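Here is a short briefing to read alongside the model.

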Amino acid sequence: MLGGVLAGSGMVAGSFSRSLSQLYITAGFITGLGMSFSFQAGITVLGHYFSHHRALANALASSGVSLGISLWPLLSRYLLEDFGWRGTFLIFGGVLLHCCVCGSVMRPVAPKAETAYPPPNKVPEPGCLLTCGRALQRHLAFDIFLQNQGYRIYTLSVVWLLMGFMVPQIFLVPFALNHNIEEHKAALLISIIGFSNIFLRPVIGVMSGWSMFAGHRVYLFALAALLNGLSNFICVISASFSVLVFYCVVFSISMSGVGALLFQVLMDIVPMNRFSSALGLFTILESFTVLVSPPLIGLILDTTGNFNYIFYLASFFLISSALFLGLSFFILQKKNKEKQMMDRVHEEPASEKDLNQRYTEEPVTQPHSTVMYVTYVTSV
């Protein structure tokens, strides 16, 4: 609910901005901070609400993103023509205030097992710096990042993947306009991606919830990322509207897999009692990539003047990330299985070895106890 207030206030304040620097603060920083509060709280609550059908729940929740992708370009174009950009920002601020309504229906599913903060110690801590370091290590999941190898591999793979994942959604419309496609048709391409995701994400969520995929969802995610990277080569082949529509369909299938499984795989890797902390570090590292990727790709486009290079680069990031993720988890799971087998081998003969030692070891001589013999002499 606090995120909704911040996001709505930032957009409303942005409508009164008179310079680009003011928009950076209002519609950029304040609105972005509010969205991050609402987003992380919603994903965390979703993980606690569902256990058996968590994959389907994540897919259905992410379908709202797809609905926004399909409607937002058309709605924005309509509002800009009738109300101007200031009026559009005001309306968007009212839309974002509905996060408060969403937050008001969230309820805790169970009482807390332990308090959020440890009871105060009578003995003072050695230093404030050390205390802050320990708090950051726990609440920002640095300890999980260092100890959980699966979480570390998955986080680094997704951060690398996002360097190319956002490129088509940002540069697809300019790419179509550059090849003499009409403006309304170019905007329709983004709506096709969003509309397809509405139906594809729940389907992928149902499929990933099957028992045959239990413990293997990370490979489905890697496969979706690989398909997403390969789909970008379609734009290089031709830039006609029909080919771009086919590209949007293929891209939507792979994008639905990535969107539906992104946080579900994270829930499979990290225990739920530490999920909120792990999600925090995960989204922080993601944000740096999302911040750096579009300007970097734009710089390459300005330097070369060729859209094909940015699609090649996006494919490189996605394909390399998918291969690294799939191979790393295959090796990691293989090592874990071998370790479990070795542990069983060492545990099972232990009892037999103990039994054999009982018969092979020399008997231990016990100290002789003093015995008193009492003899009674009687006469018959």
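Helices (H or I, at least four residues) and strands (E, at least two) are DSSP runs, numbered from the N terminus. By that definition, the chain has 14 helices and zero strands. Please keep in mind that this is a predicted model, where local features need pLDDT of at least 70, side-chain atom pairs count only at pLDDT 80 or more, and totals for chains, interfaces and linings use all residues. Residues are numbered from 1 along each chain as its sequence is written, and side-chain values use heavy atoms, with hydrogens and water left out.

**Fold and contacts**
- Read from the N terminus, the elements run α-α-α-α-α-α-α-α-α-α-α-α-α-α.
- Contact means heavy atoms within 4.5 Å; among contacts in the chain with a separation of 6 or more, 79% join residues 24 or more positions apart.

**Surface and burial**
- The chain exposes about 23,300 Å², and carbon and sulfur atoms supply 68% of that area, as computed by the Shrake-Rupley method with a 1.4 Å probe.
- Of the 380 residues, 38% count as buried, that is, under 20% relative accessible area, while exposed means over 50% and partly exposed lies in between (1.4 Å probe, protein chains only).

**Cysteines**
- With a disulfide taken as a pair of cysteine sulfur atoms within 2.5 Å, the count is zero.
- C99 has its closest cysteine sulfur in C102, at 5.9 Å, which is too far for a bond; C99 is partly exposed, at 25% relative accessible area.
- For C235, the closest cysteine sulfur is in C248, and the 7.4 Å between the sulfurs is too far for a bond; C235 is buried, at 2% relative accessible area.
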